[in-house]
Structures are given as structure tokens and as C-alpha cells.
Amino acid sequence: MNAFVASQPGVAAPGSTATPVPRRLRVPHPPGLEETDLTRCFAALLGVLHWQGAPDDMLAVLPHAEPRPDLADIRNALARLGHPTRPQRLRRGRLDPRCLPALLIRRGKPAGVLYLNSQGLVVLFDGALGEARVCAHWNLAGTLYLLAPEPPPPRRGESWIGTVMRRFAPEAPLLLALSAMVAILGLGVPVFTMMVFDLVVTGRQPAVLGMLAVGALAAVAGEIACRALRQRVLARIGERLDRLVQAGVFGQLMALPAALVERAGTAAQVSRLRDFATIREVLTGAFALAILDLPFGLLVIALLVALGGWVAVVPVLAALAFATLFLAMRGAVRRAVVEASQAGQARDVLAIELLAAHRTLKLAGAADRWTEAYAAAAAAAALASARAGALSGRMTAMAGAIVTLSGLAAMTIGVGAVLGGAMSAGALIAGMMLIWRVLSPMQGAFLMLSRWEQTQASIRQVDGLMTLETERPAAARARMAAPERGDIVFHRVSLRYLAQAEPVLAGVTFAVRHGEVIAVTGGDGAGKSSLLKLVAGLYRPQGGVVRVGGHDVRAFDPAVLRRAVAHVPQVPDLLYGTIAQNLRLALPSATEEELRRACEEAGVLAAIEALPEGFATRVGDNATARLPRSLLVRVCLARALLRDAPVLLLDEPVAGLDEACADIFAAVVAQRRGRATIFLATHRPSHMRLADRVLRITDGMVEEVPVPGAGPAAPLRLPVFKPSGRPT
């Protein structure tokens with residue numbers, strides 16, 4: 001959707017370098033979305049950027065079940081459209097017009113959009129009034145959300161996680177500077193202690209105690225402030241990592257071919273999302289703090305050399321001891337972590353499957369048996385985790401022993417230096433404090449290194465997922481428009497779920513003209529649903545060609561192709577949200593009248609209006625179980641009809657339902673005949689009689705059989721292909 005109406009005077013054409021200069025912006029507002037200053041600014045900013053999407057595209061990136069999106073929702077939507085933002089504090093008189101356009105948020109005032117017009121003047125779009133005017137930008141203050149630069153391209157051989165982490169490279173100098181300040185200011189207390197013993201206690205100079213105390217307190221306060229600021233920076237990095245990586249991983253999962261996702265299962269996909277929790281903890285938690293502190297341990301060692309000479313050898317030997325212990329136990333840790341991870345994943349997969357089928361297990365009287373199976377899986381996971389925990393405990397004990405022995409060694413060497421006159425008593429106490437200060441991050445880094453194997457495994461999992469080819473590669477996203485007709489051709493199509501499995505479809509060839517009604521029948525598992533998914537582009541054939549509207553489905557952006565395909569599944573698949581929101585999944589810009597019309601055609605309007613909250617009734621959660629399945633199926637039918645697509649796929653939606661619901665589907669088929677190509681997967685002879693043709697799938701082959709009650713079948717009409725491969 002363009003925020004600026006093309007007919008308005010002063011509106012720049014798409015691709016023009018000039019920026020629009022309208023006095024008033026008329027921003028079309030999609031139905032189903034509450035009109036607020038933020039949503040108006042969202043549309044206005046897209047208009048400034050010459051975005052060429054449609055209302056449905058705009059709504060598709062906003063939260064499904066949130067009619068009033070907040071600032072975070074708007075920023076996430078902009079990022080999904082390829083325009084990520086970053087916050088920047090705006091002080092009066094500090095606006096740099098070169099950074100515009102930007103979203104402006106001011107305390108106590110409506111959101112706005114700042115941009116430059118063609119004369120180079122700063123224009124403010126007021127989200128509350130929907131008006132734009134040239135403004136005195138030097139008086140503006142608040143928070144600007146600027147368009148972030150494009151993420152850096154991946155380097156050769158660089159992992160996906162590495163590419164994401166490189167986006168945080170600008171934060172590294174600040175973190176290192178703060179760590180340096182922490183290290184320098186952390187010397188204040190040891191130096192204070194040394195001076196107190198050497199000057200006040202031994203040298204009998206109490207007058208300097210107050211000055212030393214003030215200096216020590218200032219150092220402690222500065223160190224606390226730097227640590228807090230460093231922790232705040234790491235927390236911000238962790239928040240951005242959570243958003244970028246989890247959104248990227250989930251987006252990749254959603255973009256993978258349906259067959260690949262279905263084979264892995266829901267539990268396995270959820271475990272992939274959990275993998276990142278381990279990565280984030282290592283990258284932004286105690287391990288990150290220890291790594292940041294370690295380089296500045298050299299500063300402490302240098303001070304130890306100045307204080308007592310050989311005492312500085314102790315932390316060096318401790319570091320060597322930690323490294324040796326890590327290398328010695330690395331293999332055992334790797335095996336223990338892998339076993340614990342696999343056992344935990346198996347337990348979680350079983351739990352998700354059992355919870356999904358709990359009603360079936362209870363009805364079958366098998367709940368106790370499968371509870372015991374889960375208990376066994378949980379016990380195996382607990383045992384593997386206990387082994388890993390015991391190994392980690394041994395490493396912790398050994399690390400503690402290294403620290404303790406290092407302290408004893410430092411004390412022994414220091415006492416010898418004091419007795420030999422090479423070191424003062426105050427310097428010894430200060431040296432011991434410094435020793436503990438440098439050993440602490442060493443111990444923390446070592447203990448976190450014990451989890452490095454698990455972190456590496458998680459990184460490999462995420463990187464492996466992100467390298468999989470999606471069904472929507474970037475090079476194919478704008479190939480052609482959605483087909484307008486429902487002519488379907490299968491030419492020697494073969495499909496296997498797995499490479500070693502028997503083919504579900506083997507060399508299938510048939511052609512369907514636009515407007516025909518095709519019944520697809522066959523035994524359970526014969527491939528009826530798979531054939532329909534091939535039409536929708538959800539599955540990719542291993543051989544042959546599937547054409548929709550005269551074009552190979554591989555020539556379409558899958559998202560564009562599916563705008564021409566409406567689908568009603570066998571099991572109602574409603575998301576959490578209201579009935580109206582679920583209906584608008586098919587057509588986000590649908591008006592209330594269009595919703596009612598589609599529901600009336602699906603025979604569900606009266607049932608919805610009879611609900612206490614009507615179209616605002618929530619579904620997709622536990623409340624869905626209280627609604628009859630026939631109503632939910634008809635809601636899915638209304639959602640498909642709302643799209644008014646040239647291809648309508650009905651995948652046994654009335655299986656197990658009464659005749660009244662079946663009659664409604666039959667009426668829809670009769671009304672849509674000739675307007676859309678209808679594929680109806682069914683076992684019902686009454687529904688087969690509605691079809692122009694019946695295709696039966698047997699052992700991977702498709703044959704045309706007589707329509708029940710219609711006499712002998714006509715010969716199967718196979719397409720004739722010219723050398724170019726186009727059907728005639």
C-alpha cells in the first residue's frame with residue numbers, strides 16, 4: 001500500500017529521487033486494524049520509502065491477533081518489509097536532516113514521521129491528525145527511529161551466526177573501553193590497601209587516610225558504574241540477538257518446503273528454536289564478561305611484577321593449568337553433553353507427541369502405558385544429565401583447587417619476598433587481592449568453556465538450518481503475477497516423501513480445464529492430499545512438471561502462487577485470534593461485508609452471529625474445543641471462499657461430519673462450478689457425483705474412473721505436449 005495517493009499533487013512517482021510534498025496525506029487504512037497514530041505513521045513512512053506493496057502485504061507483517069499494534073510491533077513489521085530501524089536520542093537543535101526519513105516518538109505527543117521534501121525542507125507527518133507540514137525541526141526532541149543500514153553480506157566461508165554477530169562489531173570498542181575502565185578502577189582498592197598499610201599503619205601518617213579513602217570510594221563508584229553500563233550494553237546486545245536470531249530461524253523454518261518441515265516434526269523444530277538459548281547465554285552472559293576481563297589481566301600481572309616480581313608468575317601458571325585441564329577433559333565433556341542433549345530432546349519430543357494425543361490415549365486405555373514410557377525417557381534424560389552434571393562438578397572442583405593452590409603459592413612466594421625485603425607487607429596484601437581479581441575471570445571462563453561443546457553443536461544446528469534452500473529463494477521472488485485461470489496440468493509427475501521410500505505418485509499425467517470439478521479418490525494414504533499440495537506448490541515433485549494457469553509452478557514465487565489457490569484442510573487449522581482475524585488470513589483487507597458474504601455462502605453466518613461475541617469470538621486455544629467441529633470446518637471454508645481464487649482445493653473437509661455439513665459443501669461446489677477449478681478429495685459417492693471427472697489414485701498411478709451414476713467413463717483426456725513442453 002502506498003501511503004500517498006498517486007492522484008495527489010506533489011506526490012513523487014515511484015523510483016523518483018524527489019520526496020513527496022503533500023499538504024495532507026490521505027493514508028488508506030486497512031479494515032480489521034484499529035486506526036492509531038502509529039499505524040498512520042507506519043503507512044506514511046512506507047509511502048515516503050516508495051513501498052509498492054498492497055494492503056494485504058502490509059497487514060501480513062503486523063501481528064495477527066493484535067488489532068492495536070504498539071511501537072515494537074511497528075518496528076518488527078518495518079523490519080520484515082526490509083526496513084529495520086535503530087533508536088537514536090534526538091535533542092533540540094541536534095537533528096541531522098541527512099538521516100531522514102525516520103519515525104519520531106515524543107513523550108506525551110502522538111507519533112510522527114520526519115522526512116525531507118523536494119525543496120530539502122523537513123516535513124513532519126502528524127500521526128494523530130494525518131497531516132503533514134513543514135516544521136521547525138530545531139525545536140524537536142524525543143527518540144528517532146532511523147532506518148538501519150543494510151546488514152553486511154556474509155564473508156566467504158562465514159557462518160550465519162558469524163554474520164549476525166558481525167553486526168555487533170561497532171559495540172566492541174565500547175565494551176572493551178568499559179572493561180579497561182573496570183580493570184583500571186578495580187586497582188583502586190588494592191592500591192588503597194597497600195598505601196594504608198605502608199603509609200598509615202607502618203609509616204604512622206594518619207593524615208593521608210582521609211584522602212586515600214576518598215580516592216578509593218571514587219574508584220569503587222566508578223567501577224560499579226562501568227560494570228553496570230557494560231552489563232546494560234550486553235543486555236541490549238542479547239535482546240537484539242534474541243530478536244534477530246529467533247526471528248531469522250523461525251522465518252527460515254516457515255520458508256522451508258512443507259515436506260521438509262513435516263518430516264522433521266513439530267518437536268524437532270521447536271528444539272531448533274531452543275538451541276539459540278545456549279548460544280545467547282555464552283555470547284552475552286558470564287562467559288562474555290570473563291572474556292572481556294581476561295585481556296586486562298595483563299594489566300594486573302604487570303602491576304604484580306612491579307609489586308613483587310615472582311608473584312606475577314602465579315596467575316600465568318594458573319592459566320596454563322586451566323588450559324591443560326580443559327584440553328584433557330574436552331573429549332569426555334563433548335560425549336556427556338551430546339548424550340544429555342540427545343536424551344533431553346527425545347524426552348521432549350515424546351512429551352509433545354503424547355500431549356497432542358492425550359485424548360486418544362485415554363480413550364484407548366493406553367495412558368498408563370505411555371506414561372511409563374515417558375517416565376523411562378525422562379529417567380534416561382535425567383541419568384544423562386546427571387552424568388554431565390557430575391563431570392561438570394568434577395571440573396568445578398578442579399578449577400576451585402587450581403584457584404586455591406594458586407592463592408597459597410602466591411602467599412608463599414609473597415611472604416618470601418617480604419622476608420627478603422623485596423616486597424612490603426602492604427604490597428603483599430595488595431598483591432593477594434590482585435591475584436584473586438585475575439583468577440576469578442579465569443575460573444569463570446574455564447567453567448563456561450566446559451559448555452563450549454554444547455554451544456558449538458547449537459551453532460552448527462542453526463547454521464545448518466540457515467543453509468537449507470527455502471521454497472522461496474530470493475532470485476525467484478518476483479518472477480510473475482499470480483495465475484488468473486485454473487488450468488491444471490500434471491505431466492509425468494513423480495513424488496516421494498523420502499529418497500528411499502516408494503513413490504506416492506509415479507509418472508502421473510492428466511490435464512484439467514479451468515472451471516472443472518475434479519473428485520480425487522483412493523485409499524487412505526494413497527496420495528490424495530499430496531496431489532492437492534502439489535497443485536498449491538507446497539510439495540515439489542522429484543520428476544515431471546506441474547502447471548497452473550499454463551506456467552510451471554516453479555516459475556512462481558510460492559507466496560504469489562498461493563494467492564490463486566484457496567484450500568480447505570481436513571482438520572480445521574485456526575490460529576489463536578478472533579473468527580474475523582482467522583477469516584482475514586486469506587484476505588487481510590476484507591471488509592465486514594465481505595466477511596459476512598463469505599460466511600453466508602459457507603452456511604456459517606447464522607452460527608457465528610449466534611455466538612455471544614459473534615465474529616469477535618476467540619478460537620485457536622482451549623476455547624476452540626467447546627465449539628462444534630462442523631462450525632470450525634465451515635469457518636475454514638468461508639476463509640477459502642473469501643479469497644475467490646481460481647483454484648479451490650477441498651481436502652476431505654467433511655470427513656466424519658453429518659449430511660447437513662456435507663450438503664453445504666456440495667452447494668458451494670455447485671455455485672463455484674465454472675468460476676474456479678475445484679479439486680475435491682473425498683470418499684463420498686454423493687460428492688463424487690458432483691464432479692465432472694473422478695480421478696482415482698492406486699499404487700502411485702492416477703486413472704480416470706466413471707462418475708458414480710453417470711454411466712461409463714469417457715476416455716482419459718491426456719494432454720498433448722509440443723516440443724516446447726507447453727500443453728495443448
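**A guided reading of the predicted model**

Lys528 is buried, because its relative accessible area of 5% falls under the 20% limit. The model in which this residue is seen is a predicted one. Lys528 belongs to helix 17, which spans residues 528–535. Apart from its neighbours within four places in sequence, Lys528 is in contact with Val520, Thr521, Gly522 and Gly523, and also with Glu652, Ala681, His683 and Ile697.

Glu652 is placed in the loop that runs between strand 15 (647–651) and helix 23 (659–672). With a relative accessible area of 12%, Glu652 is buried as well. When neighbours within four places in sequence are left aside, Glu652 is in contact with Lys528, Gln570, Ala681, Thr682 and His683.

The chain has 728 residues, of which 45% count as buried, and it contains 24 helices and 18 strands. Among contacts in the chain with a separation of 6 or more, 73% are made by residues 24 or more positions apart.

The nonpolar interior comes next. In soluble globular proteins, nonpolar side chains tend to be buried together. Here the largest nonpolar core has 49 residues, and the members that touch the most others are Leu583, Phe615, Leu637 and Leu650. Helix 22 (residues 629–643) supplies the largest share of this core, namely ten residues. Leu637, not counting residues up to four places away in sequence, touches Val568, Ala602, Leu650, Ile664, Phe665 and Val668.

Helix 3 shows how burial can be arranged around a single helix. In this helix (residues 71–80), Asp73, Ile74, Ala77 and Leu78 are buried. These four residues lie on the same side of helix 3, because they cover an arc of only 135° around its axis. The buried residues of helix 3 pack against helix 1 (37–48) and strand 1 (85–90). At the N-terminal end, helix 3 is capped by Asp70, which has a side-chain oxygen 3.2 Å from the backbone nitrogen of Ala72. After helix 3 comes Gly82, with a positive phi near 90°.

Two packed helices are described by the angle between their axes and the distance between the axes. For helix 6 (residues 188–202) and helix 7 (residues 209–255), the axes come within 9 Å and cross at roughly 170°. Angles over 145 degrees count as roughly antiparallel, and helix 6 and helix 7 are therefore roughly antiparallel to each other. Helix 6 contributes Gly188, Val189, Phe192, Met195, Val196 and Val200 to the contact, while helix 7 contributes Leu209, Leu212, Ala213, Ala216, Ala219 and Val220.

Ala430 is located in helix 15 (residues 425–449), and it is buried, with a relative accessible area of 2%. Between Ala430 and Thr193 there are 237 residues of separation in sequence, yet their C-alpha atoms are 6.2 Å apart in space. Leaving aside neighbours within four places in sequence, the contacts of Ala430 are Pro190, Met194 and Leu307.

Most residues other than glycine have a negative phi, and most peptide bonds are trans. Against this background, the peptide bond from Leu100 to Pro101 is cis, with omega near 10°. Pro101 is found in the loop that separates strand 1 from strand 2 (102–105).

Two residues other than glycine have a positive phi: Arg492, with a value near 55°, and Asp699, with a value of about 50°. Arg492 is part of strand 7 (residues 488–495), whereas Asp699 is in the loop between strand 17 (693–698) and strand 18 (701–705). Arg492 is exposed, with a relative accessible area of 59%. Asp699 likewise counts as exposed, at 74% relative accessibility.

Terms used. Residues are numbered from 1 along each chain as its sequence is written. This is a predicted model: local features need pLDDT of at least 70, side-chain atom pairs count only at pLDDT 80 or more; totals for chains, interfaces and linings use all residues. Side-chain values use heavy atoms; hydrogens and water are left out. Helices (H or I, at least four residues) and strands (E, at least two) are DSSP runs, numbered from the N terminus. Buried means under 20% relative accessible area, exposed over 50%, partly exposed in between (1.4 Å probe, protein chains only). Contact means heavy atoms within 4.5 Å. A nonpolar core is a set of buried Ala, Val, Leu, Ile, Met, Phe, Trp, Tyr and Cys residues joined through side-chain atoms within 4.5 Å. The arc is that of the directions from the helix axis to the C-beta atoms. A polar contact is a pair of N or O atoms within 3.5 Å; within protein, one must be able to donate a hydrogen and the other to accept it, and residues adjacent in sequence count only if both atoms are side-chain atoms. Axes are lines fitted to C-alpha atoms, for helices over the stretch in contact, and angles run from 0 to 180 degrees between N-to-C directions. Angles under 35 degrees count as roughly parallel, over 145 as roughly antiparallel, 65 to 115 as roughly perpendicular and the rest as oblique.
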